Amino acid sequence: MNLYLGIDFGTTGARSTIIDSQGTIHCETEHTFANAQQPELPSAWQNALWAVIDQIPPAIRNQVRAIALDGTSSTVMLCNTDGIPVCEPILYNDARGAAVTERLRAIAPDNHTVLSATSSLAKLLWWQEGGHGDTAPTVFLHQADWLAFLLHGKLGISDYHNALKLGFDVDTLCYPNWLTQGIAGAATPELPRVVPPGTPVGEVRAQVGDRFGFPRDCMICAGTTDSIAAFLASGVNLPGEAVTSLGSTLAVKLLSHTRVDDSRYGIYSHKLGDLWLVGGASNTGGAVLRHFFTDVELDNYSRQIEPEQESLLDYYPLLKKGDRFPINDPNLPPRLEPRPTDSVEFLHGLLESIARIEARGYQLLQELGATPLTKVYTAGGGAKNSVWSAIRKRYLKVPVETPIHTAAAYGSALLAKHGTLI
C-alpha cells in the first residue's frame, strides 16, 4: 500500500497525518511543545519532528511513499552552510521588522505584500541591520524549509507559498530585481531556491530512513504554510468559497479568479493552480481566548451564550499591540475594555468581536476585487465551537460549515500525494 505523510507545525506543537491514495486516514500523531522547552528554538522543532514520526507504527512508516511539511508563515531563520541555525528564529507574529520600515519602503513597490513589519523580508532586513553577530556565510530559510532539510538534506530550498512574503514573484517564478539589488551587501544571506509546493525535492536521508524505517525511495516534497495546508484539507475548489482558520490566530483565505494584493490592509494572494488564494492573517484568535479561559470554561460559558443576541461590547482582542489584517498596524493597541464581571458576557464580547474582524476581512477582499464570498468553511480549534459558528454566520451572511477534514497535517498529506497538481 502507498501511504503519504503530512506534518504540520503550529504555535503549540506538531501533528502528523498519514493517508492512502483514496485520502483515508491511517494514522494521526501529535507532540506538544513541553513547558520546559522554548517553542521558538529549532531544537524544540527538531525534537517535535522526531517525536511525531516516532509515534507512527513501524508497519505504517515502511509504506510511506512521500512526505510534505507545513510551517507557520513568515517564521524564518538563518543557518550556516551546514544547515545549523546561527541565531534564534524570528516567529511569524514578531514585529521587530518595524525598525527597518524606511529601508523596506525604499526597496519594495508600493502596496507590496512584503510591506509589513512581520514579513519575511522585513525580518531579513532586520538581521542585515545587525540583528545577529555571525559574519560567516548564512542561508535564509523558513520554518518548513529547514524541517524538510532535516529529512532530505538539501539545504536552501523553499516553496512559493512560504517565499511569497520574502518577495518572490509568483507570476515570473523568480526573485525580482528590486529584491536582489535591494538586499545586496556584505551581510546578505543566500536566498532559498523556490519551487512549486509539492515538488519532489529528494529522497529521505539514509540515516533518517534507517532510524524510522521509511522506504529508501521515500520522497520529501516541498511544503507550504500552515494556513494553506488547512485550506487544502478542506477540499474547497470553487471560486467564492473560503476557509477561516481559527487557531491561535485568525487566518482567512478566499479562492478567487482575481489576484488581490494590498499591504495597506495586510492582504496578499497565493498562487493555487490557475486560481488565487486571497487573504490575510490577524493576530486575534484562540490565543486571546485561552489567555482568559481554560478549554473547559470556554466550552461551559459558550453554552450559556445566545448566539442570535448581539453583544454590545466592542473589542479588538489582542494579547499585545500590533495586528496584520484587516488592520495592518504594528502599533495597534489591544482593546479589551470595559470588562464585565460576568465571564459569559465577557466571552460573548470576545467571540463577537473576533467575528467582526473576520467579516471585515472578507468584506475588504471583495471590495478590492476578489470573487464574491459564497460559503465559509472553518478549520482549527475554533471550528468545534457551534455557538461561535452561529455568531460568525450572522456577520458573514453566508453558510458557515465545518469540512470533513480540517487538520493542516491532512492538507500536507494531500500535498505529498498530489505533488504539484495543486
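How many of the five residues of strand E16 (residues 375-379) are buried? Select 375-379: five of the five are buried, so strand E16 is largely enclosed by the rest of the structure. Buried here means under 20% relative accessible area, exposed means over 50%, and partly exposed lies in between (1.4 Å probe, protein chains only). Strands (E, at least two residues) and helices (H or I, at least four) are DSSP runs, numbered from the N terminus.

This is a predicted model, in which local features need pLDDT of at least 70 and side-chain atom pairs count only at pLDDT 80 or more, while totals for chains, interfaces and linings use all residues. Residues are numbered from 1 along each chain as its sequence is written, and side-chain values use heavy atoms, with hydrogens and water left out.

Stay on E16 and show its side chains. Lys375, Tyr377 and Ala379 lie on one side and Val376 and Thr378 on the other; all are buried, so both faces of E16 are covered.

Next, select the sheet around E16. It is an open sheet of six strands with mixed pairing, in the order E14-E15-E13-E12-E16-E17. Its edge strands are E14 (268-272) and E17 (400-401), each of which pairs on one side only. Two strands pair if DSSP finds at least two bridges between them.

- E12 (residues 241-246) with E16: parallel, over five bridges. The bridge partner of Val243 in E16 is Tyr377.
- E16 with E17: parallel, over two bridges. Tyr377 has Glu401 as its bridge partner in E17.
- E14 with E15 (residues 275-282): antiparallel, joined by five bridges. Ser269 has Val278 as its bridge partner in E15.

Now centre on Val243, which sits in strand E12. Is Val243 buried or exposed? Its relative accessibility is 3%, so Val243 counts as buried. Contact means heavy atoms within 4.5 Å. Leaving aside neighbours within four places in sequence, Val243 is in contact with Phe231, Ser234, Val236, Ala251, Val252, Lys253, Tyr362, Tyr377 and Ala379. For a distance check, pick the C-alpha atoms of Val243 and Glu88: they are separated by 32 Å, with the two residues 155 apart along the chain.

Move to Ser311. Where is Ser311 found? Ser311 is in the loop between helix H10 (295-303) and helix H11 (343-367). The relative accessible area of Ser311 is 6%, so this residue is buried. Ser311 touches His348, Gly349, Glu352 and Arg356, not counting residues up to four places away in sequence.

Finally, zoom out to the whole chain. Its secondary structure comes to 13 helices and 17 strands. The C-alpha atoms fill a box of roughly 60 × 55 × 45 Å along the principal axes.

Colour by burial: buried residues make up 58% of the 422. Of the contacts with a separation of 6 or more, 68% are between residues 24 or more positions apart.
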